[in-house]
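Colleague: I have a model open and would like to learn how to read it. Could we go through it feature by feature?

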Amino acid sequence: MTVTSHQSEGEQSPQDLQRKLSNRHLQLIAIGGAIGTGLFMGSGKTISLAGPSILFIYMIIGGMFFFLMRALGELLLANLHYKSFVDMAHDLIGPWAGYYMGWTYWLGCAGWYCRSSRRDQLSHLLAARRHHVYPNWSGCH
């Protein structure tokens, strides 16, 4: 099947791809490159310590994750009313599993938020001491 376009070269429809990268896109590409380099360097050290057998282990773990993600996709397509893993656990394992998973997820997110906000508060405190200004400690940002 061939799709022909009756537009001139200067016009683009909203469905066409555009060559446009924002600053945010470039930053995400850079972060991905830094993470990838760190993983590559870490796996190189592991390979040098454990030998080539670690590549076999990486393939096994990669296959397990592949099948895990396929299974989660099948579960999501089996019932389109699932909105989260909590719904899946509640329906397939039991209400106690949904309750436990929901609270575990919430506490994990709350703990991460408190840790990150304390780090931000500490950095603001250190900056305030340097400029002899006392911050307002009325709560998290």
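This is a predicted model: local features need pLDDT of at least 70, side-chain atom pairs count only at pLDDT 80 or more; totals for chains, interfaces and linings use all residues.

Modeller: We will take confidence, fold, helix packing and aromatic pairs in turn.

Colleague: Which helix has the highest mean pLDDT, and which the lowest?

Modeller: Helix α2, residues 53-78, has the highest mean at 90, while helix α4, residues 95-130, has the lowest at 74. Over residues 130-141 the pLDDT stays under 50. For that stretch the model has 13 contacts beyond four places in sequence.

Colleague: How many helices and strands does the protein have?

Modeller: There are four helices and zero strands. Along the sequence that reads α-α-α-α.

Colleague: What does the record say about these stretches?

Modeller: An unreviewed UniProt entry places "transmembrane region" at residues 25-42, 54-73 and 93-114. The model can be compared with two of those spans. Residues 25-42 are 100% helix and 0% strand, with end C-alpha atoms 26 Å apart. Residues 93-114 are 91% helix and 0% strand, and there the end C-alpha atoms are 31 Å apart.

Colleague: What share of the residues counts as buried?

Modeller: Of the 141 residues, 10% count as buried. Contacts can be read by sequence separation as well. Among contacts between residues at least 6 apart in sequence, 5% join residues at least 24 apart.

Colleague: How do I describe two helices that pack?

Modeller: Two packed helices are described by the angle between their axes and the distance between the axes. Take helix α1, residues 23-50, against α2: the angle is about 125° and the axes are 8 Å apart. The two helices are therefore oblique to each other. On the α1 side the contact is made by Ser43, Thr46, Ile47 and Ala50, and on the α2 side by Ser53, Ile54, Leu55 and Tyr58.

Colleague: At what angle do α2 and α3 cross?

Modeller: The axes of α2 and helix α3, residues 85-92, cross at roughly 75° and come within 11 Å. These helices are therefore roughly perpendicular to each other. Leu72, Leu75 and Leu76 of α2 make the contact with Phe85, Met88 and Leu92 of α3.

Colleague: How many aromatic pairs does the structure hold?

Modeller: It holds three aromatic pairs. A pair is read from the distance between ring centres and the angle between ring planes. For Trp103 and Trp106 the centres are 5.7 Å apart and the planes are at 75°, an edge-to-face pair.

Colleague: Where do Trp103 and Trp106 sit relative to each other in helix α4?

Modeller: They are three residues apart in helix α4, so about one helical turn separates them.

Note on methods:
Residues are numbered from 1 along each chain as its sequence is written. Side-chain values use heavy atoms; hydrogens and water are left out. UniProt positions are given in the numbering used here, feature names are shortened, and annotations may be inferred rather than shown by experiment. pLDDT is the predictor's confidence in each residue, from 0 to 100. Contact means heavy atoms within 4.5 Å. Rings of Phe, Tyr and Trp (its six-membered ring) pair if their centres lie within 6.5 Å; planes under 30 degrees apart count as stacked, over 60 as edge-to-face and the rest as tilted. Axes are lines fitted to C-alpha atoms, for helices over the stretch in contact, and angles run from 0 to 180 degrees between N-to-C directions. Angles under 35 degrees count as roughly parallel, over 145 as roughly antiparallel, 65 to 115 as roughly perpendicular and the rest as oblique. Buried means under 20% relative accessible area, exposed over 50%, partly exposed in between (1.4 Å probe, protein chains only).
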